[in-house]
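Please take a moment to look over the sequence and the model before reading on.

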2 protein chains.
Amino acid sequence: MHLEFRHLRTIRAIHQAGGLARAADLLNMTQSALSHQVKGLEDQAGIELFVRRSKPLKLSVAGVRMLKLAERILPEIDALEEDFKALKSGKTGRLHIAMECHACFDWLFPVLELFRRAWPDVDVDIRAGLAFEALPALMREEVDLVISSDPVQVEGMMFNPLFDYHPMFVAAASNPLAGKEVIVAEDFRDQMLITYPVSRDKLDVFTEILSPAKVEPRGLRQVELTAVILMLVGSNRGVSVLPDWVLRDIKSNADYVTRPLGPGIITKRLYAATRVEDSLKPFMAHFMKLARSEPVKLQRG
Amino acid sequence: MHLEFRHLRTIRAIHQAGGLARAADLLNMTQSALSHQVKGLEDQAGIELFVRRSKPLKLSVAGVRMLKLAERILPEIDALEEDFKALKSGKTGRLHIAMECHACFDWLFPVLELFRRAWPDVDVDIRAGLAFEALPALMREEVDLVISSDPVQVEGMMFNPLFDYHPMFVAAASNPLAGKEVIVAEDFRDQMLITYPVSRDKLDVFTEILSPAKVEPRGLRQVELTAVILMLVGSNRGVSVLPDWVLRDIKSNADYVTRPLGPGIITKRLYAATRVEDSLKPFMAHFMKLARSEPVKLQRG
DNA sequence: TCTCAATGTGAGACAAATTCATAATACTAA
DNA sequence: TTAGTATTATGAATTTGTCTCACATTGAGA
């Protein structure tokens, strides 16, 4: 039937204006053009859209049905345009986050809660950054923000610093290492080490401590959930190294000890990687502001 | 933003086919044309609809929103087309009825109940034919069917006979005329006559009895509702002439008497006037079939 | 780096929509 | 009825926009 938006607008205008000539004015075109158009449309549809027995033109039964459609559809088009405007101005958009850092769930959830309240129209999602390479996905626009602690200089990408943290050693109070003030690489040699199930180059224990010292722990165990890691540590089935914000609840728990890693104090920095064109968007900026301030509150308990 | 249905179909096709080239096949056009179209659309919208970093093409955030719109709107267009097909074949349509005959509510309601069950998609309405001229309205397609007892030969119109009825005299049992077997014009001279509030040429009492005999009743009173007329007659505040089907309940009521009008037996015929092009439509035919059979059941009590 | 598959570009052909000028048709008020 | 006016229809010319063809360009993977 080759219907076009033009036709819907025409139907609506003729109905509103109460006649073809007036509708032509409304649509900024000649009366002739409208007449041709209506005729063409009726030919296409194979049905009379208007009652021609009378002047001015009046909608027929079929015309009324088409009008109903127009009144349902045309506002949606306008809404889309509004939506696009909002997208362009950054009032809305998509914020799909990939995390290389597994423990980040801990502070990310509260941050996203605040964020969603401030930007209800932004489409938020988290994708655990395990099954795929996060940075290429960012380039391919499959995700919009990557939480990472390894800034890389790449064209078109921007690493925005969020906050610093200290990887901390955690063990059961009954563990022999509880007696030491600072934990160093050699201390792991006799321990079962519990980590998230990701490659070693993304685990602070290895990148900062064990790999440089070429120390291998007695055993390794990979566990997905932070709570489970802590449970296992609590029952002295192993030790772990976790960011300080994860250990806020543990510090005051007599079953656990948390110790700094040594010999020097280890400080790491988290970044939010975005595409440069996105980094200026208001909601992005706001997310990063939240991601800078909220986790610090957690770190301080 | 000059959006067209074509564009919505394109977005949907590219998404479905997973790429521009394959989508072009789907839409029976060259890949080049699609590329031009997409580019034009993006220029218009002022926003990227696709992620071009990768091949094949993939929807961007804005593109996804447009896709959502397409998936909501395009089926509606198809539905309209279906609707039109149904209109053309007469499976659906409009049946706005105008009544010149006021008492017809009585049998029309049950008939419409049956009709609506059989043709749920037909848009039914009744307009009491008091405030306007019914036949011109029929010509102007403001209504689709007129109930009338005065067939006229008019180009483009058709008077389909429905059923015959007898205008009957009704009075209180206490009224002196109750003693007569047949009521004639002269009998009205001493009576208060109660009628519907329409012109005399649409009232059987006048057209069939009083006007030919040039008899004027003692008084006239116009009442809108049949039930009220009967109430007034029952308390002997006046007499009336009503179609036989209206008096079905009254016949067995000792407070009333019903009598034929004379001297000869008066028979009138009701017609359903339609436009000739409508009279063949299935739902019209069915309506008239119902309107021929159902009222007769009422007449017989 | 090379090759293949996919997408982009530009010029010309073609179809469709619009305009201008004018005819035909309904409505309205004497 | 009959002008007179308002409204819609028609035809030819023009403009607009879309498509195709041929070729250039670009990514992705070997």
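## Terms and numbering

Helices (H or I, at least four residues) and strands (E, at least two residues) are DSSP runs, and they are numbered from the N terminus. This is a predicted model, in which local features need pLDDT of at least 70 and side-chain atom pairs count only at pLDDT 80 or more, while totals for chains, interfaces and linings use all residues. Residues are numbered from 1 along each chain as its sequence is written, and chains are lettered from A and ligands numbered from 1 in the order in which they are written.

## The surfaces near the DNA

DNA strand C is surrounded by 23 residues, of which the closest are Ser32(A), Ala33(A), Ser54(A), Ala21(B) and Pro56(B). Here helix H3 (31-45) of chain A, and helices H2 (20-26) and H3 (31-45) of chain B, each supply at least two residues, and H3(B) provides the largest share, six residues. The surface near DNA strand C divides into seven nonpolar, eleven polar and five charged residues.

## Where the two chains touch

Two residues are in contact if their C-beta atoms, placed from the backbone, lie within 7 Å. In this sense, 30 residues of chain A are in contact with 30 residues of chain B. On the side of chain A that touches chain B, the elements giving two or more residues are helix H4 (61-89) and strand E3 (93-99) of chain A, and H4(A) gives the most, with 14 residues. That side of chain A consists of 16 nonpolar, four polar and ten charged residues.

## A sheet in chain A

Two strands pair if DSSP finds at least two bridges between them. In chain A, five strands form an open sheet of mixed pairing, in the order E4-E3-E5-E12-E6. Its edge strands are E4 (122-128) and E6 of chain A, each of which pairs on one side only. Strands E6(A) and E12 (residues 268-275) of chain A run antiparallel and are joined by seven bridges, and Met158(A) stands opposite Thr274(A) in E12(A).

Asp164(A) is found in strand E6 (residues 157-165) of chain A. A residue is buried if 20 or more other C-beta atoms, placed from the backbone, lie within 10 Å of its own, exposed if 12 or fewer do, and partly exposed in between; Asp164(A) counts as partly exposed because it has 13 C-beta neighbours inside 10 Å. Not counting residues up to four places away in sequence, Asp164(A) touches Thr267(A), Lys268(A) and Arg269(A).

E5(B) pairs with strand E3 (residues 94-99) of chain B in the parallel sense over three bridges, and with strand E12 (residues 268-275) of chain B in the antiparallel sense over three bridges. Val146(B) is the bridge partner of Ala98(B), and Ile147(B) stands opposite Ala272(B) in E12(B).

A nonpolar core is a set of buried Ala, Val, Leu, Ile, Met, Phe, Trp, Tyr and Cys residues joined through C-beta atoms within 7 Å. The largest such core has 52 residues, and those with the most contacts inside it are Val146(B), Ile147(B), Phe169(B) and Val170(B). A second, separate core of 51 residues includes Val111(A), Leu138(A), Val205(A) and Ile229(A).

How values were computed
A residue is near a molecule or strand if its C-beta atom, placed from the backbone, lies within 6 Å of it. Ala, Val, Leu, Ile, Met, Phe, Trp, Tyr, Cys and Pro count as nonpolar, Asp, Glu, Lys and Arg as charged, and the others, Gly among them, as polar.
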